[in-house]
Amino acid sequence: SFQLLRGLRPHHARYVPWFTHELAYSGCEPTAATGVGTAACRSSWNCTLADQMMADFWDAVDGDQTEAIPNFSTQPAWIYDEHNQANLTALADYYGRLLAWYTKGGVMDECGVWHSSGHFYNITPVSYTHLTLRRRG
C-alpha cells in the first residue's frame, strides 16, 4: 500500500509500471493520417490511467524531494514492426513526450496538438527500459 511506502521514507525509490495495456503507456494507438493537414491527424495520447498510479506513488515517496526514479519500461506495440524491431525514432519521440508530460506540464502530440497534464514533477533520474539517465536542465 502507498501508506506503507510513505512510512518507509525511501530515497531513490523506483516506480516501474510494467503492464501490457493502457495503464502502462500513453500512446495506445499509432498516429493516423485521416486526411490532409494537421487537422486531419489523429493521435491517441492519453495518460489518464497511468497518471493515477504515478501521482499516488509520487506523493507517497515525496518524489520531488527524494529523487524517485520513474522507470518507463512498457512501450506501445505499434513502436515495433512485424519482426519485433523497434522504430527508434518513434521510440525516442514517445519517451520524450512521456517525460515532458510529467515534467513540462503537458505534451505536443505528433499532430501538433497540445495536451495539458498539469504535472511539473522534479524528475532528476529517469529510467527507460533498464537504462538510467540523468536529465539536465
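Author: The buried residues of helix α2 are covered by, among others, α1 (2–8), β1, α3 (63–66), β4 and α4 (88–103). Cover is judged here by contact, meaning heavy atoms within 4.5 Å. Helices (H or I, at least four residues) and strands (E, at least two) are DSSP runs, numbered from the N terminus. This is a predicted model, in which local features need pLDDT of at least 70 and side-chain atom pairs count only at pLDDT 80 or more, while totals for chains, interfaces and linings use all residues. Residues are numbered from 1 along each chain as its sequence is written, and side-chain values use heavy atoms, with hydrogens and water left out.

The buried residues of α2 are Ala50, Asp51, Met54, Phe57, Trp58, Ala60 and Val61. Buried means under 20% relative accessible area, exposed means over 50%, and partly exposed lies in between (1.4 Å probe, protein chains only). Helix α2 covers residues 48–61, which is 14 residues, and at 1.5 Å a residue it should span 20 Å. The expected span is 1.5 Å times one less than the number of residues. The end C-alpha atoms of α2 are 21 Å apart, in agreement with that value.

Just after α2 comes Asp62, with a positive phi of about 50°, although Asp62 is not a glycine. Asp62 sits in the loop between α2 and α3. Because its relative accessible area is 42%, Asp62 counts as partly exposed. His12 also has a positive phi, of about 65°, and is not a glycine either. His12 belongs to the loop between α1 and β1.

β4 pairs in the parallel sense with β1 (residues 14–15) over two bridges; strands count as paired if DSSP finds at least two bridges between them. Pro70 in β4 is the bridge partner of Tyr15.

As for the whole protein, there are four helices and eight strands, and 41% of the 137 residues count as buried. The mean pLDDT, the predictor's confidence in each residue from 0 to 100, is 77, with 75% of residues at 70 or more. Confidence is highest in β5 (residues 106–108), at a mean of 89, and lowest in β8 (residues 131–134), at 44. Over residues 130–137 the pLDDT is below 50, although this stretch has 20 contacts in the model beyond near neighbours in sequence.
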